[in-house]
Amino acid sequence: MAFLLSVIYYQFQYLALQYNNLGISMIKPQWQQLINSESKKDYFQTLTAEIASQRASGLSIFPAEKDVFNAFNYADLLDVKVVILGQDPYHGEGQAHGLAFSVQHGIKIPPSLVNMYKELVTDIDGFEKPKNGCLTHWAEQGVLLLNTVLTVQQANAHSHAKLGWETFTEQVINELNEKNDGCVFILWGAHAHKKGKNINKEKHLVLAGPHPSPLSAYRGFFGCKHFSQANTWLTKHEIGQIDWHLYQFD
């Protein structure tokens, strides 16, 4: 009975943090509306109950509860300019904070992000490799750094795959596809390619290529020039470019 009550408490706490019931969340209004709608569905309630149960049992789940929906705190649905799609969060202590490929200040830069920086050096004039891996500057400009799975157990990659997050993020992509006037989807790796198969290419730009992981970066990620291609398309469609530079935010 005590364990059940603990699960209920953690589930309530989890939902309250995410849906602004306690005034803590900064989720943008259009995304908040989508999350509220999805939260009423059976799959989402099963998903959140399972994560709450795992947290209550003592498992370390990343990112922290307050950061699970962090990607939706910066640019609202209609203001997104670029989507960079990841898989699941980093599963090391202190790494994940709700933005795909990004890590918090003071954390070692992960290999995939190191390779992204290498590509940026050759693709964007004047880009200098930052000393940190925090990408909030991109998010603030309208880059949605979205993982397809939003939580993970510590030291257990893909542990929350198939819990239901994929259904939720599929709906996020559908909403962008249908309601955003035009943005750039950057899809790296086979997993991301599948998620983007129904994107309207007449309205949006889809840039697909190998994942920046050290296992695949040399198969075509290096030299893809996706960052500059995104800015070229944004300029052509009279949408403000992304300032990809990060060195001044060390």
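Predicted model: local features only at pLDDT ≥ 70, side-chain atom pairs only at ≥ 80, totals over all residues.

Of the 250 residues in that chain, 54% count as buried.

**Overall fold**

- Among the contacts in the protein chain that have a separation of 6 or more, 69% are made by residues 24 or more positions apart.

**Nonpolar core**

- The largest nonpolar core has 66 residues, and the members with the most contacts inside it are Phe72, Trp138 and Trp244.
- In soluble globular proteins, nonpolar side chains tend to be buried together.
- When neighbours within four places in sequence are set aside, Phe72 is in contact with Met26, Ile27, Lys28, Trp31, Ile35, Leu144, Leu146, Leu150, Phe168 and Val172.

**Helix α2**

- Helix α2, which spans residues 29-39, has Trp31, Gln32, Leu34, Ile35, Glu38 and Ser39 as buried residues.
- Viewed down the axis of α2, these buried residues fall within an arc of 160 degrees, and they therefore line one face of the helix.
- The face of α2 that is turned away from the buried side carries Pro29 and Gln33, which are exposed.
- Two of the buried residues of α2, Trp31 and Ile35, are also included in the list of residues in contact with Phe72.

- His137 lies in helix α5, which covers residues 136-140, and His137 counts as buried because its relative accessibility is 14%, with the cut-off for buried set at under 20%.
- The side chain of His137 makes a polar contact, at 3.4 Å, with the side chain of Asp243.
- His237 is placed in the segment after α8 (226-236), and at 38% relative accessibility His237 counts as partly exposed.
- A polar atom of the His237 side chain lies 2.9 Å from the backbone oxygen of Trp233.
- His237 and Cys183 are 54 residues apart along the chain, and their C-alpha atoms are separated by 9.4 Å.

**Cavities**

- A search of the whole structure finds two cavities of 30 Å³ or more, and the largest cavity contains about 60 Å³ of space.
- The lining of the largest cavity consists of Pro63, Val68, Ala71, Phe72, Pro89, Gly98, Leu145, Leu146, Asn147 and Leu150.
- Within that lining, Phe72, Leu146 and Leu150 are included, and Leu146 and Leu150 are among the residues in contact with Phe72.

Methods. Residues numbered from 1 in each chain as written. Heavy atoms only, no water. Core = buried A, V, L, I, M, F, W, Y, C linked by side-chain atoms within 4.5 Å. Buried < 20%, exposed > 50% of the residue type's maximum accessible area, 1.4 Å probe, protein only. Contact = heavy atoms within 4.5 Å. Helix = DSSP H or I, 4+ residues; strand = E, 2+ residues; numbered from the N terminus. Arc of directions from axis to C-beta. Polar contact = N/O pair within 3.5 Å; in protein donor to acceptor, adjacent residues only side chain to side chain. 1 Å grid on protein atoms, 1.4 Å probe; cavity = no way out; pocket = protein on both sides within 12 Å on 5 of 7 lines; lining within 4 Å. Points joined across faces, edges and corners; volume = space filled by probe spheres on them.
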